[in-house]
Amino acid sequence: MMNSNFPRLIAMAIFSISVTCTFGTRDALADEMPALKNLSQPDPGHYAAGAVSPADVDALAKAGIRNVVNLRPASETPDFDEASAVRAAGMDYESLPIASADDLNRANVDRFDALLKKQEGAPSLVHCASSNRVGALMALRAGWINGQSIDEAIAVGKQWGLASLEPVVREKLGEPH
């Protein structure tokens, strides 16, 4: 005889799995991260966010971040030397300026992929102003390098912050590369 709670338990298990899949996983660093614009944690130890301010740098280091990849060109932050601040706080810093949709090209995606591989295993933050460019590069990487379908690549990109650049990314993913 089946337990009368069995259907309820199954429903709860399915809900738990869907919540985990929808919102991703959290690691121990998640609660220590500063409140950055559009902060997300698509993978354990890997974060995407919008702009980082001078006040955020020490908080990132204290939260355990070891690598920062900045996708903003220097012209977007003329009064903030992020590279010096991040390095002074004991973190590694990389810059890959993505100023416009024209910079969403195969050469930059290959460079982005190399930066991410170099940082594997260490808690990392990739950011731009809003996380949209982060998501765009992640989507293009998923499609061009990891061989995912356009829809799968877009889903990856959205986990990392893809928003208004989605039409551009869809177009680029549909082109031969």
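## Ser124 and its surroundings

Start with Ser124: leaving aside residues up to four places away in sequence, Ser124 touches Gly45, His46, Tyr47, Ile65, Asn67 and Gln119. Keep in mind that this is a predicted model. Ser124 sits in strand β5, which covers residues 124-127. Is Ser124 buried or exposed? With a relative accessibility of 2%, Ser124 counts as buried, because the cut-off for that class is under 20%.

Strands β1 and β2 run antiparallel and pair over two bridges. The hairpin has two residues between its strands, and Gly45 in the turn shows a positive phi of about 80 degrees.

Now for the helices. The axes of α4 and α5 come within 10 Å and cross at roughly 95 degrees. That angle falls in the 65 to 115 degrees range, so α4 and α5 are roughly perpendicular to each other. Which residues make the contact? On the α4 side they are Arg106, Val109, Asp110, Phe112, Asp113 and Leu116, while α5 brings Leu137, Met138, Leu140, Arg141, Trp144 and Ile145. Sorted by class, the contact of α4 with α5 has eight nonpolar and four charged residues, with no polar ones.

Here are the elements met along the way:

| Element | Residues |
|---|---|
| Strand β1 | residues 40-43 |
| Strand β2 | residues 46-49 |
| Helix α4 | residues 106-118 |
| Strand β5 | residues 124-127 |
| Helix α5 | residues 132-145 |

Conventions: Residues numbered from 1 in each chain as written. Predicted model: local features only at pLDDT ≥ 70, side-chain atom pairs only at ≥ 80, totals over all residues. Heavy atoms only, no water. Helix = DSSP H or I, 4+ residues; strand = E, 2+ residues; numbered from the N terminus. Buried < 20%, exposed > 50% of the residue type's maximum accessible area, 1.4 Å probe, protein only. Contact = heavy atoms within 4.5 Å. Axes fitted to C-alpha atoms, helices over the stretch in contact; angles between N-to-C directions. Parallel < 35°, antiparallel > 145°, perpendicular 65-115°, else oblique. Nonpolar A, V, L, I, M, F, W, Y, C, P; charged D, E, K, R; others polar. Pairing = 2+ DSSP bridges.
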